[in-house]
Amino acid sequence: MNVKPGATQPLEPLLFEKGSPGRVGWSLPPADVPDVDPDAIFGKGAARGPVEGLPELSEVDVVRHYTRLSRLNYGVDVGMYPLGSCTMKYNPKLNEWAARIPAFARSHPLQPPEISQGLLALMHALERILCEVSGMARVTLQPAAGAQGELAGMLIVRAHHKAHGNPRHKVLVPDTAHGTNPASCALCDYEVVTIKSGPTGLLEPAAVAAHMDEDVAALMLTNPNTCGLFETHIREIADIVHAKGGLVYYDGANLNALMGVAKPGHMGVDVMHFNLHKTFSTPHGGGGPGSGPVGVVEPLARYLPTPIVNLRDGQYVLDDVPESIGKMKSFHGHVGMHIRAYAYALALGGKGLAQSSRYAVLNANYVLERLRGAYHVPYAGRVMHECIVTDKRQNDHGVKTLDIAKRLMDYGYHPPTVYFPLVVPGALMIEPTESESLETLDAFVDAMLAIAREAEEDPELVTGAPHTTPVARLDEVEAARKPILRWTPA
Amino acid sequence: MPHRYLPHTPDDLRRMLAAVHASDIDALFEAIPEDLRRRAHLDLPDGMGEHALKAHLQDLASAVRVPEPEGMFLGGGAYNHFQPGVVDFVISRSEFYTSYTPYQPEVSQGTLQAIFEYQTLICQLTGMEVSNASLYDGASGLAEALLLARRVKKRPKMLLARSIHPDYRAVARTYLSGSDAEIVEVPFTKAGTIDRAALEKALDTGVAAVAVQSPNVFGCVEDLRAIGEMAHQAGALLVAACTEPISYGVLRDPGTLGADVALGDGQSLGLPPSYGGPWFGFFATRQAFVRQLPGRLVGQSHDANGRRGYVLTLATREQHIRREKATSNICTNQSLCALAGAAFLATLGKTGFAELARQNLAKAEYAKRVIRDEAGLAFPFSAPTFNEFVVEVKDDPERVLGRLREEGLLGGIPLGPWYPELERAILVCVTEMNPKSAIDRLARGLKA
């Protein structure tokens with residue numbers, strides 16, 4: 001990833017700027033049936049010749065192109081990726097093999113259940129594992145990602161209230177919530193009422209009580225919350241919501257702190273989603289595919305997306321759910337991710353999952369403790385699986401959170417999540433995960449401490465960062481003002 | 001003994017606990033009420049070593065008895081195509097698959113450029129002006145297209161062809177169930193395509209979008225141009241879904257035919273069926289609607305030294321900025337799957353993609369001929385098809401398909417569960433993976 005200063009050539013030309021007419025990267029199976037004339041079949045004007053603009057490359061060209069592009073990327077396999085709220089833990093290699101086992105990969109979603117028993121057994125077992133970790137009664141594996149899980153969950157909330165005569169109109173969402181929470185509510189036609197968190201970063205029962213009435217369908221909350229703090233009053237808050245007939249929705253984004261430590265089902269949670277790409281190690285893939293199963297308590301199971309896997313008379317079957325909210329996705333969801341998550345859970349077992357959460361929390365507290373002297377820490381006390389520091393002290397030298405993030409790249413790290421949660425100005429949200437060793441944590445903290453020193457002694461070194469990445473800071477304002485969203489021939 | 005995924009040694013733990021002034025790890029969880037912690041034990045087996053786990057997964061796989069690809073004739077939304085080795089090589093580069101959303105462009109140019117190229121490739125296939133970075137799947141893409149139409153047109157009614165894949169329609173209904181939008185289904189004719197007379201009647205000034213699929217769930221090609229003209233005359237958008245994007249290699253693109261949104265599942269473009277996913281949903285529209293697009297977008301920019309680079313852009317549409325006012329609640333795209341699709345298209349290229357489409361068409365036409373001429377079976381629909389078609393059998397379809405299974409063939413999808421009036425019909429898909437010999441066996445088996 002070396003850069004020659006001042007170089008303005010593209011790092012790697014676009015696919016469309018390479019190759020030569022007539023070059024091919026693939027050979028078709030031999031034609032063993034007569035050729036046909038598309039014009040004759042579809043009529044003139046409905047058929048089409050070769051797609052204009054598609055690349056013409058050899059296999060070598062394609063392999064080099066993507067290999068070069070890959071080297072411009074940072075991933076968990078390259079180094080520590082402490083992106084808060086994203087749980088960038090190690091993605092075990094066996095799981096990649098497992099998802100590619102030919103019988104799994106070749107399986108068609110509409111092939112009969114009687115030839116799919118191994119897959120259905122796996123999905124059923126994964127559901128039982130998620131139920132055990134969460135304390136929920138049933139789990140659907142169908143949602144494609146966390147946000148789709150939220151939508152499924154909130155539609156279940158709506159279905160429940162509708163069955164009781166009134167879908168209600170409002171949902172309470174703390175100001176520390178992920179942006180997907182209010183966006184998912186809006187899709188369900190719920191008005192979002194934002195609840196301010198208290199000075200300690202926690203949601204206060206009185207604040208919930210003040211907004212809770214019989215027009216509130218649910219409270220959506222993340223626990224630990226996005227400040228990395230456990231919502232200590234969760235039981236009391238759930239009681240307040242339940243007393244007015246509301247439901248509690250739990251955003252499982254931060255479940256990695258709680259496996260074998262506390263179960264949402266015991267906290268008064270009625271509906272929740274999991275992020276298999278966070279807690280259960282399925283790779284993030286540069287931004288998907290994820291997988292967002294949804295768990296519910298028994299009385300809500302009748303509304304789950306359809307179908308659901310059941311075991312009957314020794315056979316796994318796909319059953320329709322009669323009062324279902326419908327389908328969230330074609331077929332059965334991201335089964336390739338279910339296979340990976342299942343393999344992960346089995347590799348660790350009950351003890352290993354609990355140990356993972358405990359080490360994740362230890363790692364976050366260790367990092368926070370070592371950063372305390374050099375960075376402002378907005379909330380007192382211990383944290384769960386992630387910690388927040390801010391740029392408050394560095395601001396005195398004209399150095400901001402974004403600069404610190406960019407400078408971390410020069411030290412070989414992916415930056416933490418920045419400027420989130422919104423309630424903490426200049427937040428750097430650090431989630432080390434349990435995958436990182438003491439040496440790696442120390443090296444990361446040393447880099448953070450070095451940057452804090454640089455901010456005092458040589459602030460321009462930090463504000464001008466990054467200096468060693470393939471490209472320098474990119475002009476995001478220009479990109480949004482005059483969007484170029486595709487390549488076009490010159 | 002430490003677990004292979006967890007690097008903490010007993011000595012590390014001692015040092016770390018001392019640094020955080022805790023006597024043990026439990027002390028870190030004091031914020032959690034005691035009664036919650038007491039009940040949190042996981043009743044799950046102990047962890048498995050890699051060799052035992054591998055054997056267990058292989059055992060499960062042996063309880064999946066899927067035939068060789070030669071004998072697979074199932075389509076209906078998931079297609080049996082060859083995956084060039086290059087595709088799996090590319091998505092197995094862990095710099096791609098172990099990265100996350102490219103929020104920090106300086107260390108994410110690989111993902112960003114690959115998605116910029118993907119957006120370009122989708123525009124080329126669909127003939128549209130702008131593509132997003134991908135959605136979860138085609139079905140949620142249809143829902144998002146209807147929501148886009150709702151925002152653009154501010155009209156409540158959505159006309160959906162009943163010849164759209166039932167899962168697409170089901171997901172659209174789920175997504176729109178919380179809104180005031182009204183979905184009206186338009187029947188199909190004996191051609192196997194949308195009933196244009198019925199469409200004409202249903203089109204009024206309350207309609208925001210007319211949605212069809214081409215090829216549709218019966219494999220039939222819809223007349224997008226004519227349907228688009230009708231929709232536009234009523235002031236509605238034409239949403240053109242597609243079951244099978246390989247068809248773009250031989251069929252006129254929806255952009256040219258007047259579509260306002262083109263969408264579908266990208267599974268055929270290099271991804272294995274995997275019992276339903278993960279794949280990606282492609283979603284493309286006109287420049288005029290760019291600020292109404294759901295999902296991520298990558299745009300070109302340059303760095304402080306004038307070097308070309310790529311960034312996520314127009315994020316003010318998205319949930320992390322706009323929250324409840326966002327164009328969609330979607331957060332991620334299906335980045336790695338979209339990357340597979342791009343690598344697939346780059347590998348096949350201009351000639352390969354056209355030849356692949358042509359061969360699919362030729363195989364399906366051959367299959368239709370032997371099923372008609374030699375098996376003596378009839379087709380209920382008359383419209384032209386691409387690589388799948390509906391055939392009417394003379395026995396109970398489940399019985400016919402069961403017999404075929406005994407010969408190692410998955411012969412098709414019975415349509416009765418989706419369309420009760422088609423209780424004798426089977427949806428058959430033929431691709432480059434099915435040699436002539438297997439097609440001949442299928443024809444004989446369907447007849448029996």
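Colleague: Which residue stands opposite T417(A) in β12(A)?

Modeller: In β12(A), T417(A) has M429(A) standing opposite. This is a predicted model, in which local features need pLDDT of at least 70 and side-chain atom pairs count only at pLDDT 80 or more, whereas totals for chains, interfaces and linings use all residues. Residues are numbered from 1 along each chain as its sequence is written, while chains are lettered from A and ligands numbered from 1 in the order in which they are written.

Colleague: How do you know that β11(A) is joined to strand β12 of chain A?

Modeller: Strands pair if DSSP finds at least two bridges between them, and two bridges join β11(A) to β12 (residues 427–430) of chain A, the two running antiparallel. A strand here is a DSSP run of E with at least two residues, a helix a run of H or I with at least four, and both are numbered from the N terminus.

Colleague: What makes β10 and β11 of chain A edge strands?

Modeller: The open sheet has three strands in the order β10-β12-β11 (chain A), paired antiparallel. β10 (387–390) and β11 (417–418) of chain A each have a single partner strand, so one side of each has no neighbour in the sheet.

Colleague: What is the order of the open sheet in chain B?

Modeller: In chain B the order is β10-β12-β11, again three strands with antiparallel pairing, and the edge strands are β10 (388–392) and β11 (413–414) of chain B. Two bridges join β11(B) to β12 (residues 425–429) of chain B, where P414(B) stands opposite I426(B).

Colleague: How many bridges join strand β8 to strand β9 of chain A?

Modeller: Five bridges join β8 (residues 308–312) to the antiparallel β9 (residues 315–319) of chain A, and L311(A) stands opposite Y316(A). Two residues lie between the strands of this hairpin, where D313(A) takes a positive phi near 50 degrees.

Colleague: Why are α5(A) and α3(B) called oblique to each other?

Modeller: Helix α5 (residues 117–134) of chain A and helix α3 (residues 50–62) of chain B pack at about 125 degrees, with their axes 6 Å apart. Axes are lines fitted to C-alpha atoms, for helices over the stretch in contact, and angles run from 0 to 180 degrees between N-to-C directions. Angles under 35 degrees count as roughly parallel, over 145 as roughly antiparallel and 65 to 115 as roughly perpendicular, the rest being oblique, and α5(A) and α3(B) are therefore oblique.

Colleague: Which residues make the contact of α5(A) and α3(B)?

Modeller: G118(A), A121(A) and L122(A) meet L60(B), A61(B) and S62(B), contact being C-beta atoms, placed from the backbone, within 7 Å.

Colleague: What puts the buried residues of α9(A) on the same side?

Modeller: In helix α9 (residues 234–243) of chain A the buried residues are I234(A), I237(A), A238(A), I240(A) and V241(A). A residue is buried if 20 or more other C-beta atoms, placed from the backbone, lie within 10 Å of its own, exposed if 12 or fewer, and partly exposed in between.

Note on methods:
Contact = placed C-beta atoms within 7 Å.
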